[in-house]
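Subject: Structure for you to look at

Hello,

Here is the structure I promised to pass on. Please open it and keep it beside you while you read my notes.

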Amino acid sequence: MEGKQQQPPQREPGPGDLKVPGAAGEEPRSEGKDAGADAVGRPLGPTPSQSRFQVDLVAEAPRRANGDGGTAGKGSEEAKGRFRVNFVDPSAGGESPSEPGGGGSSEGANVSFQNGGDTVLSEGSLHSGGHHHYYYDTHTNTYYLRTFGHNTMDAVPRIDHYRHTAAELGEKLIRPSLAELHDELDKEPFEDGYANGEEGMPAGDAAAAYQPDSKGIVKFGWIKGVLVRCMLNIWGVMLFIRLSWIVGQAGIGLSVVVIAMATVVTTITGLSTSAIATNGFVRGGGAYYLISRSLGPEFGGAIGLIFAFANAVAVAMYVVGFAETVVELLKENGTLMIDEMNDIRIIGAITVVILLGISVAGMEWEAKAQIVLLVILILAIGDFVIGTFIPLDSKKAKGFFGYKAEIFMENFGPDFRNEETFFSVFAIFFPAATGILAGANISGDLADPQLAIPKGTLLAILITTLVYMGIAVSVGSCVVRDATGNINNTIITELTNCTTAACKLNYDFSSCHTKCHYGLMNNFQVMSMVSGFAPLISAGIFSATLSSALASLVSAPKIFQALCKDNIYPGFQMFAKGYGKNNEPLRGYLLTFLIALGFILIAELNVIAPIISNFFLASYALINFSVFHASLAKSPGWRPAFKYYNMWISLVGAILCCIVMFVINWWAALLTYVIVLGLYIYVTYKKPDVNWGSSTQALTYLNALQHCIRLSGVEDHVKNFRPQCLIMTGAPNARPALLHLVHAFNKNVGLIICGHVHMGPRRQAVKELSTDSAKYQRWLIKNKMKAFYAPVHAEDLRAGGQYLMQAAGLGRMRPNTLVVGFKKNWRQSDMRDVETYINLFHDAFDIQYGVVVIRLKEGLDISHLQGQEELLSSQEKSPCSKDVIVKVDYSKKAETDTSVAFVPSSSERTPALHKEEDEDGKTPTQPLLKKDSKSPSSPLNLADQRLLDASIQFQKKQGKSNIDVWWLFDDGGLTLLIPYLITTKKKWKECKIRVFIGGKINRIDHDRRAMATLLSKFRIDFSDIMVLGDINTKPKKENIAAFEEMIEPFRLHEDDKEQEVADKMKEDEPWRITDNELELYKTKTYRQIRLNELLKEHSSAANVIVMSLPVARKGAVSSALYMAWLEALSKDLPPVLLVRGNHQSVLTFYS
């Protein structure tokens, strides 16, 4: 559809142009149809950047219709509810986008629209005033102001919305985003951005980058680009030199079978190639591009490299084949230069230099050379066919008698000699059938690859197969297997016991049982001998070898360039550069030339040939497998326009290719597998940052979905219980210690979801959700955290926590344990936040969640230390284009306590304020501004340094130490399961579990034995069990005093106040501690203080303490008292996990 683009004609507005009445509310009426006459569905010239638009509010008052269409009145700012969109052409001279009517030079804004014959001008385009108008057709404009009879920014469907920016055929346009259509019009009406996360730059940059220049770019049709290339590549030296020998060995019947078998493999591959090539726009890179975009970079990268290398070495193979033929001719005439081997090297080197010259001269020259070579080749084949009908007596002694039924019958069956077998003959013939990808390999130089590749490839396979079979039958019908070449071997007297065809034709070749030099079996030059004009066959051999060499010399650099552009192997980046209009890979040509020259100088290609064949076959196998895989994945994006393929036939094709690899040469096949596997592992390990929507992704999704559904049909069983954790991390990189510790016991065991509650103005928070999701998920992957990031927007932390606990997860893969960091600064915080924090626990217990509270004495939140460095590092590998770009200036809303999302722009990465959460997920008061990179970083104070060290302590190897488990209350076993899981991990495996339980002094031994029995039945190793008999002893007075001092600010002291005042205060501040409540829970309070004393006594040296979390009755214990209990219990200790399961068994001793 997009061909060459030309500048639109400029003309004066004529009587057929459209008049738009002055009043903004009226509809335009067409006075003639000729305004849209040049709208033929083709872009007429480089358009301005249509994604840039501005909105002017339009006054309701009718405007004066003057000569240039009128201008909006001054009062237009006050009018709400109506607006006009003006296009701003960056190239239009000096026009200010802020002028309501586009009052300056109007050429940039003169945009005409046409839909179904009704052509309409935008209101801003009527300032004719002697200026010329540009008339673009329907498909040149993004926003159709009056397409449906009213002002609309909604775009109608068109191809340019679906392009990548890099497309050569036209500029990518961006349709209005949902926000632009749906958000209310306020001070910040629109943001520029990408559509649906598609790759590419904003369209302003696209307009600058995109310069359509069709002059000099050579694009080929299906005949010149694919058919000719494939035929030349498939008709190799085999046709003239080896085919007659194959007929001699295998006979006519089996020769046809050999050719048919090779054709089956190539035809299936051709069908698969056609299917992939028609499933979307194909760029340069041939087989590599098809495989990498289907199966992903791992297979694509592996095949791309060996396929490019195979093509480079194939150049050497074909050139040596050519040089050998030339040397044969020199030898016949006795004009060798040095000796056979060195002559091959000299002629080969000269030939490859000439071929390089043709290639570098450009694709047009190379295509012309190919046409000439094809003509010679066809003439040579014609020469042979004509020759078969002219049996000369001089040739009869050499075994050629013309078409005879006797010869046909004799040659029909096989006659394998010299240990040849059917498969060895097949292995020799098969490389002649390769070359079907010659057209696909230059996919970037085809005008329409989707049409050309299927048509050209399949027709080439058909034509070449028919010619191969025809020549096999023909040569088998008129040449005998053995002939002496001696004219005197004619039979004068009638022999009675004639068995051979030659004998019946009066020639006695019986002496050939020893060794003859003529006949199908002995003479490789049978076709020259049969032909009408022998030198033409030599020319055909030259043509076949040189054309194949030329096709390979062009293919290899093109494939290698495409591979390097994708940056899968960073070391090869320099070869991605292209030169000239056609983006020719000159560096790649040079590299291919050097590789080919190296192998020509070796001149021993019998070893190399089977490896090359296997490299080609490996890529055929993967192309077939790609089609099978894509069909299996049922991806909605797999919609090939070519319908004549079948996934199972493609799978059979892939298996056949692998079998043929072994038939040709088993060690070369193994070597190919090893190389492909090695490269696959390398690329998988390197994880190139590309996303091509491969079928591997689609199948991974499908498998995950099917397994999730299958899992949902199975009831949970205690043996399969896993802690599935919802961690309230806020931004995951704000509390790494929280994540690392949960990762320590849950990695590869259970689900981990990082919950992040966004608060503040909804509109901004929703935008943050989309940017944060991609950014933090990448951060988790980069830091090897096997976790998911789940952001929600809510009024407060409690509501957000409820949303997450109820909705996070999928089927059986749902969280069952809430993990939160301890709110270290609770005494300085607003007590309403503490109330919210404690209510999270109550909500979790309400919906049968277990709860884990993690406390580090240094704290958990490091967002004020590493905010920007960490974020910037998370952006390092990923191109900005993957982030949805959102830029909004919310300076007017500075009074709200939210800050602007971190937004890297496409041109530079500007660190902005980043929304982090405090210990409980609230936004911090201090913004996280990145220091100037040039200024020396200020040294951290001691507390911050300790906090930073503490945040990475769980990433280190833990050494020989203890994990102390204070299993005071039976919660179903979660308190015991978590420490066990921690010790199964490599970093923690040297740690020993010590178990502490409460008990009575007079039953200590009994309790210890009972616990030891239980643990051994659970098969959990422990180093020691300690029974605490003094758990109910009253704590020290100074500790009680410290506790009372801590809770003093939060007490209600209702006894000292009037009843009414106390009730009102309790209602307004429900978190306050009443005297009654304090007295009622005195024992429990003392227990927490006493436990802290015991913990300091026994476990101050432990690596981690896992302890039962005290439960507070909902509505009876105030938030401040519960918080004080947790504070008293866990202060001044190593890292503490306060754990409470949901009181359902998570351990069992039954098998």
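Start with surface charge. In this predicted model, a positive patch on the surface brings together Lys 747, Lys 786, Lys 986, Lys 987 and Lys 989. Find Lys 986 in the loop that runs between α28 (974-983) and β11 (992-998). Its relative accessibility is 66%, so Lys 986 is exposed.

There is a negative patch too. Glu 1058, Glu 1060, Asp 1063 and Glu 1067 make it up. Glu 1060 sits in helix α31 (residues 1059-1068). Is Glu 1060 buried or exposed? Glu 1060 is exposed, because its relative accessibility is 70% and the exposed class begins over 50%.

Next, salt bridges. The whole structure has 20 salt bridges. Three of them are worth a look.

- Asp 716 and Arg 812 form a salt bridge, 3.8 Å from N to O. Asp 716 is in the loop between α21 (695-712) and β5 (725-728), and Arg 812 is in the loop between α24 (797-807) and β8 (817-821). They are 96 residues apart. Asp 716 is exposed at 61%, while Arg 812 is partly exposed at 26%.
- Lys 1114 and Asp 846 form a salt bridge at 2.9 Å, N to O. Lys 1114 lies in the loop between β13 (1104-1108) and α34 (1119-1130), and Asp 846 lies in helix α25 (residues 831-846), so this pair ties together parts 268 residues apart in sequence. Asp 846 is partly exposed, at 46%.
- Asp 1132 and Lys 1096 form a salt bridge at 3.8 Å, N to O. Asp 1132 is in the loop between α34 and β14 (1136-1140), and Lys 1096 is in helix α33 (residues 1082-1099). Asp 1132 is exposed at 53%; Lys 1096 is partly exposed at 33%.

There is also a salt-bridge network that links Asp 415, Arg 417 and Asp 482.

Now the aromatic rings. The structure contains 30 aromatic pairs. Why is the pair of Phe 322 and Phe 542 called edge-to-face? Their planes meet at 75°, and planes over 60 degrees apart count as edge-to-face. The ring centres are 5.0 Å apart. Phe 322 is in helix α7 (residues 297-332) and Phe 542 is in helix α16 (residues 534-565), 220 residues apart. Phe 322 is buried at 11%, but Phe 542 is partly exposed at 22%.

Phe 422 and Phe 423 are also edge-to-face, with centres 5.5 Å apart. Phe 422 is buried at 18%, and Phe 423 is partly exposed at 46%.

Last, look for a ring cluster: Phe 560, Tyr 569, Phe 572, Phe 575 and Tyr 682.

Best wishes

Definitions and conventions:
Residues are numbered from 1 along each chain as its sequence is written. This is a predicted model: local features need pLDDT of at least 70, side-chain atom pairs count only at pLDDT 80 or more; totals for chains, interfaces and linings use all residues. Side-chain values use heavy atoms; hydrogens and water are left out. Patches are made of residues with over 30% relative accessible area and no salt bridge: like charges are joined within 9 Å, nonpolar side chains (Val, Leu, Ile, Met, Phe, Trp, Tyr) within 5 Å. Accessible areas come from the Shrake-Rupley method with a 1.4 Å probe; for residues, only the protein chains shown count as cover. A salt bridge is a side-chain nitrogen of Lys or Arg within 4 Å of a carboxyl oxygen of Asp or Glu. Lys and Arg count as positive and Asp and Glu as negative; His and the chain ends are not counted. The place of a charge is taken as NZ of Lys, CZ of Arg, CG of Asp or CD of Glu. Helices (H or I, at least four residues) and strands (E, at least two) are DSSP runs, numbered from the N terminus. Buried means under 20% relative accessible area, exposed over 50%, partly exposed in between (1.4 Å probe, protein chains only). Rings of Phe, Tyr and Trp (its six-membered ring) pair if their centres lie within 6.5 Å; planes under 30 degrees apart count as stacked, over 60 as edge-to-face and the rest as tilted.
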